[in-house]
Amino acid sequence: MKKTIKILFVISFFSVRIFAQTGNDQPVATDSNGSPLQFTFHDNIYDFGGIEKYATASYKFQFKNSGSTPLVIADIHSSPNYAKGPEYKLQINWPKKPIKPGKKAVVTVTFISVADIGSFENDIYITSNATTPNYRLLKISGAVTPFVEKMKEPTPDLSGYFEFLGPAIKANTK
């Protein structure tokens with residue numbers, strides 16, 4: 001009986017540790033001096049609002065290296081498009097060089113509407129020396145709206161107008 005209780009205790013202890021690590025709290029990575037490495041984003045969620053079909057829109061996520069050692073971003077990628085939403089592409093650009101402590105940098109996310117209309121939501125994952133691999137850090141959302149062809153303002157045809165006034169102008173000039 002005591003052996004069964006010990007086994008259950010050990011299993012529950014490790015289960016709690018495993019599930020406690022799956023939360024979305026950013027882990028605190030530290031450098032060799034024990035100082036935390038971290039991003040400080042101005043905002044990490046952005047709603048593009050309505051984007052016209054076949055259009056492109058970009059947003060710049062500004063962040064600061066608030067740690068005490070250089071911040072190195074190894075990879076940034078997005079989650080796959082959801083099957084029920086519109087088809088689109090994302091282009092993500094980030095600094096390839098280390099960001100010095102106290103310095104700011106930008107991650108630019110460009111949304112490219114390919115087809116269909118509807119709402120979208122996408123998570124963006126970052127792997128760096130300040131996060132665990134594939135850490136969900138940014139999120140974008142919005143809606144692709146129908147393409148509206150913009151009509152040109154019609155140009156009035158004045159040729160008949162001058163023909164009509166022509167004899168009157170000639171009569172007044174004599």
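# Rings, core and salt bridges in a predicted model

User: How many aromatic pairs does a search of the whole structure find?

Analyst: Searching the whole structure turns up nine aromatic pairs. The rings of Phe-111 and Phe-120 are stacked, because their centres are 4.2 Å apart and their planes are at 15°. Here rings of Phe, Tyr and Trp (its six-membered ring) pair if their centres lie within 6.5 Å, and planes under 30 degrees apart count as stacked, over 60 as edge-to-face and the rest as tilted.

User: Before going on, what kind of model is this?

Analyst: This is a predicted model, in which local features need pLDDT of at least 70 and side-chain atom pairs count only at pLDDT 80 or more, while totals for chains, interfaces and linings use all residues. Residues are numbered from 1 along each chain as its sequence is written, and side-chain values use heavy atoms, with hydrogens and water left out.

User: Back to Phe-111, is that one buried or exposed?

Analyst: Phe-111 is buried, with a relative accessible area of 0%, and Phe-120 also counts as buried, at 5%. Buried means under 20% relative accessible area, exposed means over 50%, and partly exposed lies in between (1.4 Å probe, protein chains only). Both rings belong to one aromatic cluster, formed by Tyr-46, Phe-48, Tyr-59, Phe-61, Tyr-88, Phe-111 and Phe-120.

User: Which elements does the protein chain have?

Analyst: The protein chain has two helices and ten strands, and from the N terminus on they run α-β-β-β-β-β-β-β-β-β-β-α. These are DSSP runs numbered from the N terminus, with helices (H or I) of at least four residues and strands (E) of at least two.

User: And which residues have the most contacts inside the largest nonpolar core?

Analyst: They are Phe-39, Phe-63 and Val-107, in a core of 28 residues. Strands E3, E4, E5, E6, E7, E8, E9 and E10 each supply at least two residues of this core, and E10 gives the most, with five. A nonpolar core is a set of buried Ala, Val, Leu, Ile, Met, Phe, Trp, Tyr and Cys residues joined through side-chain atoms within 4.5 Å.

User: What does Val-107 touch?

Analyst: Not counting residues up to four places away in sequence, Val-107 touches Tyr-59, Lys-60, Phe-61, Phe-63, Ile-76, Ile-92, Asn-93, Trp-94 and Leu-138. A contact here means heavy atoms within 4.5 Å.

User: How many bridges join E5 to E8?

Analyst: Nine bridges join E5 to E8, and the two run antiparallel, with Lys-60 standing opposite Thr-108 in E8. E3 also runs antiparallel to E5, joined by three bridges, and Phe-39 stands opposite Asn-65 in E5. Two strands pair if DSSP finds at least two bridges between them.

User: New topic: what is the count of salt bridges?

Analyst: The count comes to two salt bridges, where a salt bridge is a side-chain nitrogen of Lys or Arg within 4 Å of a carboxyl oxygen of Asp or Glu. One joins the side chains of Glu-121 and Lys-139 (3.6 Å, N to O). Glu-121 lies in strand E9 and Lys-139 in strand E10, so this pair ties together parts that are 18 residues apart in sequence.

User: And where does Lys-139 meet Asp-123?

Analyst: Their side chains meet in a salt bridge (3.4 Å, N to O). Asp-123 lies in E9 and Lys-139 in E10, so this pair ties together parts 16 residues apart in sequence. Asp-123 is buried at 8% relative accessible area, while Glu-121 is partly exposed at 41% and Lys-139 is partly exposed at 25%.

User: Last one: what lies over the face of Trp-94?

Analyst: Lys-96 does, at 3.6 Å from the ring centre. A charge sits over a ring if NZ of Lys or CZ of Arg is within 6 Å of the ring centre and within 35 degrees of the ring normal.
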